[in-house]
Amino acid sequence: MLLGTATLVCLAVAIAFYVYRKKFAEILKHTGKLGGPVAYPLIGNGLLFAGKTPGEFLKTIGHLTRRYGKCFRLWLGTQLLIIMTDPKDIEVLLSSNKFIEKSDEYNFVRPWLGEGLLTSTGRKWHTHRKVITPTFHFKILEQFVEIFDQQSNIFVEVLKPHAESGKSFDMFRPVTLCALDVICETAMGTKVNAQLNAESKYVQAVKEITLLVQYRLFNFLIRYDFFYRFSSNRRKQEAALKVLHGYTNSVIKGRREELHRSSNDTGAAVDANENDLGIKKKMAFLDMLLQSTIDGQPLTDLEIREEVDTFMFEGHDTTTSAISFLLQSLAKNPDVQQKVYDEVRHVVGEDRTVPVTMAMLNDMNYLDLVIKETLRLFPSVPMIGRKIGQTTEINGKTFPAGTNAIVMPFFLGRNPEFYPDPEKFDPERFNVETSAEKTNPYQYIPFSAGPRNCIGQKFAIAEIKSITSKILRHYEVLSPLEKYDESFTSELILRPENGIYVRLKSRVY
């Protein structure tokens with residue numbers, strides 16, 4: 001069976017190579033001038049990653065970066081990747097409107113997200129970006145902060161048994177469920193109660209789809225659509241998508257019908273954003289999309305689902321990563337944690353029942369520095385990919401057409417050339433004076449940069465601040481007594497390969 005599959009792989013790739021031999025010859029001419037590990041016919045550098053866990057991906061890339069420098073090439077089968085960690089090259093790539101198409105790696109989330117803001121390109125991306133940008137206006141974010149606070153209250157209660165036991169536990173899982181509750185309510189205006197019902201079909205489907213995408217990223221065989229069609233990964237993905245798309249479609253249908261009924265009411269129509277008592281309801285991301293138009297036409301249900309699903313994916317995974325690594329960093333650096341705690345008490349006050357407002361979050365300046373330092377070491381998006389549409393020269397290096405240009409924020413933030421003593425957790429390196437000394441702003445790009453920068457970064461920072469400050473008002477975060485492996489899994493999102501273990505101690509005041 002294995003031999004037959006291998007033979008089929010070689011035959012398919014050989015045919016592709018024959019058909020596109022001129023194109024490959026042009027690519028090889030340019031890539032020969034770039035450094036990189038020895039590549040073999042048909043499989044390229046696939047053996048470097050074969051049989052390795054996703055957690056070993058970053059270690060392998062780190063080793064190659066140290067050996068071949070800030071710009072080198074990799075072949076995954078017949079797919080060319082150029083790894084970039086030079087801010088000067090990255091600036092050219094990310095700041096240009098020419099390079100807005102995402103790399104092939106993003107194709108693996110298209111079955112879930114379709115042509116949403118993350119994966120779309122060209123006119124669709126431009127028009128949808130313009131429509132969605134007002135969604136993150138500060139007045140709307142103020143409404144979302146109420147949801148952050150309410151879900152954080154539930155989170156604090158969920159964590160209570162861990163504080164009472166005093167034992168180490170994996171913080172990543174409960175943070176994931178809290179972030180999922182937040183994003184479901186802000187994106188769709190519905191509650192899935194993930195923190196209280198982790199076994200719901202929707203919650204399980206979100207977990208399943210992210211694991212399947214992660215596996216496909218590093219299996220060079222099923223990166224090819226031809227072989228993917230026959231894999232168990234595809235069958236599992238279809239089952240998960242049936243749940244995910246079914247849920248989103250039902251929410252869109254229900255909300256659209258509600259808006260339609262409101263507009264058709266005789267007499268004074270009831271505002272669809274008010275409840276029966278005429279009290280203004282919080283606007284969800286979905287509500288704004290339903291009321292948006294492009295060229296005078298409303299968005300279709302498919303377009304709306306794509307954007308809502310994109311918001312769901314980007315909004316819960318990235319903040320989960322950031323919050324979890326932030327809490328781990330505070331546990332390891334009690335002096336930093338004490339400064340954050342003192343600031344939170346000063347801003348919010350002694351009453352732990354007081355809801356946190358946007359104004360309060362804006363006043364947590366030291367926590368801002370802590371978040372920046374966390375994202376330097378643990379960028380939620382450890383790699384950013386762009387597709388090079390036509391052969392392009394960047395600072396004297398030729399990028400052939402069809403190249404997947406892969407930017408690595410993970411290694412940018414750990415380069416001693418840019419950050420002295422890079423392994424040290426030092427939020428002060430981001431204060432105004434130190435930041436002014438940076439030679440290139442593209443040294444720090446946790447939210448990407450340029451025209452395709454993260455549209456929801458203000459949303460993300462507000463959520464991280466709200467949840468973190470709520471936890472610190474109730475608990476002191478401590479390092480585990482046991483020793484745990486702290487390796488990373490790099491997929492579209494940075495994750496801990498074996499969890500993030502901490503202890504909690506209830507605060508008394």
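User: What is the mean pLDDT of the protein chain, and what share of its residues reach 70 or more?

Analyst: The mean is 87, and 88% of the residues reach 70 or more; pLDDT is the predictor's confidence in each residue, from 0 to 100. This is a predicted model, in which local features need pLDDT of at least 70 and side-chain atom pairs count only at pLDDT 80 or more, while totals for chains, interfaces and linings use all residues. Residues are numbered from 1 along each chain as its sequence is written, and side-chain values use heavy atoms, with hydrogens and water left out.

User: Where is confidence lowest and where is it highest?

Analyst: Helix H1 (residues 2–19) has the lowest confidence, with a mean of 56, and strand E10 (residues 475–478) the highest, at 98. Over residues 266–280 pLDDT stays under 50. Where pLDDT is low, the predicted coordinates should not be read in detail.

User: Why is Ser 329 called buried?

Analyst: Buried means under 20% relative accessible area, exposed over 50%, and partly exposed in between, with a 1.4 Å probe and protein chains only. Ser 329 has 4% relative accessibility and therefore counts as buried. This residue lies in helix H13; helices are DSSP runs of H or I with at least four residues, strands are runs of E with at least two, and both are numbered from the N terminus. Beyond four places in sequence, Ser 329 is in contact with Phe 378 and Phe 425, contact meaning heavy atoms within 4.5 Å.

User: What makes a set of residues a nonpolar core, and which members of the largest one touch the most others?

Analyst: The set must consist of buried Ala, Val, Leu, Ile, Met, Phe, Trp, Tyr and Cys residues joined through side-chain atoms within 4.5 Å. The largest such core has 145 residues, and those touching the most other members include Leu 93, Met 171 and Met 312. Helix H13 (residues 301–332) gives the most to this core, twelve residues. Among the residues that Leu 93 touches are Met 84, Phe 99 and Ile 388.

User: What makes strand E1 mostly covered?

Analyst: Six of the six residues of E1 (residues 71–76) are buried. Cys 71, Arg 73 and Trp 75 cover one side, and Phe 72, Leu 74 and Leu 76 are buried on the other.
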